[in-house]
Amino acid sequence: MAVWADFYHPDTLAEVLKARRYFLRLSQPTDSDIFVKAALLHVLHGNRPYALSRNSHPITPFHPSGQSNLQTRCGACTASHSTAVPEPATNQLPPRSLIPRDFRQLAKCHESVDAIITSPPFWGMRFDRPNWLRMWFCGWQAEDFHQTSRAFLERQQTSSLEVYREFFTACRKLLRPGGLMILHLGGSDNTTCSRR
Ligand SMILES: C[S@@+](CC[C@H](N)C(=O)[O-])C[C@H]1O[C@@H](n2cnc3c(N)ncnc32)[C@H](O)[C@@H]1O
C-alpha cells in the first residue's frame, strides 16, 4: 500500500510538507489562502505533467509509478493557477461566505437561502477513501478515517436511508419558501430539480 511519501520526489515532498504545515496552522484563512490551497489540492496527485506527484490516477491516488516529478513545484503550480483568475474577478462576485461544516450545523446557524445546489454522497462510495491523500493534506489522521468519517452520510447511508429524512428536513429549514433545490445524484448524469 502506498503512503504519501511514495508519491513525491524528496524535494517536492519537502515543499508539500511545508505547504501542508502552513495551511494547517492558518486559523482564519483568507479567500486567497483557500484559493491557493484548492489549487494545490487539485495538483497534489495525478497523471498530467502539472501534477506534483509521480504518475498516479487523478481522482484516486492508487500506487504511483514512474519517475519522481521534480519539474513541477508547489510555487509553479500556484503561479499557473493564479493566471486562471482575472484580477478584478472578486469585485464582480456577489457577497458570499464560506461555512465549511456538517449540513446539520448549517441548518441550525444559517439564515434562509434562495437555493441549495448540492451533491449528496453517491451510493456505495466512501469519499474519504479515494480522497485519502487530499484528506491527509488537510490534516486527517488514521483516526479520522476510522471515526470522524462516521458522521458522513456516505457511511451512515449504508445502514439506513433514514439519514436522508434528516438531510431533507435540514434543507427544508434552510431553504426559503419558493426556493430552488438542485441535487446532482451519483450513478448517472441526471440532475433532479424540485421547487419547495
Ligand atoms: C458526491 S460528493 C460531492 C462533492 C462536491 N460536489 C465537491 O465537488 O467536492 C458528496 C460529498 O458530501 C460530503 N458529505 C458527507 N456527509 C456530509 C455531511 N454530513 N455534511 C456535509 N457534507 C457531507 C462527502 O464527504 C462528499 O465530499
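The model is predicted, so local features need pLDDT of at least 70, side-chain atom pairs count only at pLDDT 80 or more, and totals for chains, interfaces and linings use all residues. Residues are numbered from 1 along each chain as its sequence is written, and side-chain values use heavy atoms, with hydrogens and water left out.

The protein contains 9 helices and 3 strands. Both kinds of element are DSSP runs, numbered from the N terminus: helices are H or I with at least four residues, and strands are E with at least two. Along the sequence, the pattern is α-α-α-α-α-β-α-α-α-α-β-β. Of the 196 residues in the protein, 34% are buried. Buried means under 20% relative accessible area, exposed means over 50%, and partly exposed lies in between (1.4 Å probe, protein chains only). A contact means heavy atoms within 4.5 Å. Among contacts with a separation of 6 or more, 57% join residues 24 or more positions apart.

Helix 1 has 16 residues. Its first and last C-alpha atoms are 23 Å apart, close to the 22 Å expected at 1.5 Å a residue. The expected span is 1.5 Å times one less than the number of residues. The buried residues of helix 1 are T12, L13, V16, A19, R20 and F23. Seen down the axis, they fall within an arc of 125°, so they line one face of the helix. The arc is that of the directions from the helix axis to the C-beta atoms. P10, K18 and R25 are exposed on the other side of helix 1.

Helix 9 covers residues 163-174. Its 12 residues should span 16 Å, and its end C-alpha atoms are 17 Å apart, which agrees. Buried here are V163, Y164, F167, A170, C171 and L174. These residues fall within an arc of 120° and so line one face of helix 9. They pack against helix 5 (103-109), strand 1 (113-118), helix 8 (153-156) and strand 2 (175-184). On the other side of helix 9, the exposed residues are R165, R172 and K173.

The whole structure holds 12 aromatic pairs. Rings of Phe, Tyr and Trp (its six-membered ring) pair if their centres lie within 6.5 Å; planes under 30 degrees apart count as stacked, over 60 as edge-to-face and the rest as tilted. F103 and F167 form an edge-to-face pair, 5.3 Å centre to centre with 80° between the planes. F103 lies in helix 5 and F167 in helix 9, so the pair ties together parts that are 64 residues apart in sequence. Both F103 and F167 are buried. F167 also pairs edge-to-face with F168, at 5.1 Å and 75°. F168 counts as partly exposed, because its relative accessibility is 39%. Ring pairs link F103, Y164, F167 and F168 into a cluster.

A nonpolar core is a set of buried Ala, Val, Leu, Ile, Met, Phe, Trp, Tyr and Cys residues joined through side-chain atoms within 4.5 Å. The largest has 18 residues. Those with the most contacts inside it are Y8, V16, L40, L44, L52, L133 and F137. Helix 1 (10-25), helix 2 (31-43) and helix 6 (132-137) each give two or more residues to this core. Helix 6 gives the largest share, 5 residues. Domain 1 (4-84) and domain 2 (103-183) both contribute, so this core lies between them. The domain bounds come from an automatic or database domain assignment. A second, separate core of 14 residues includes V113, V163, A170 and L183.
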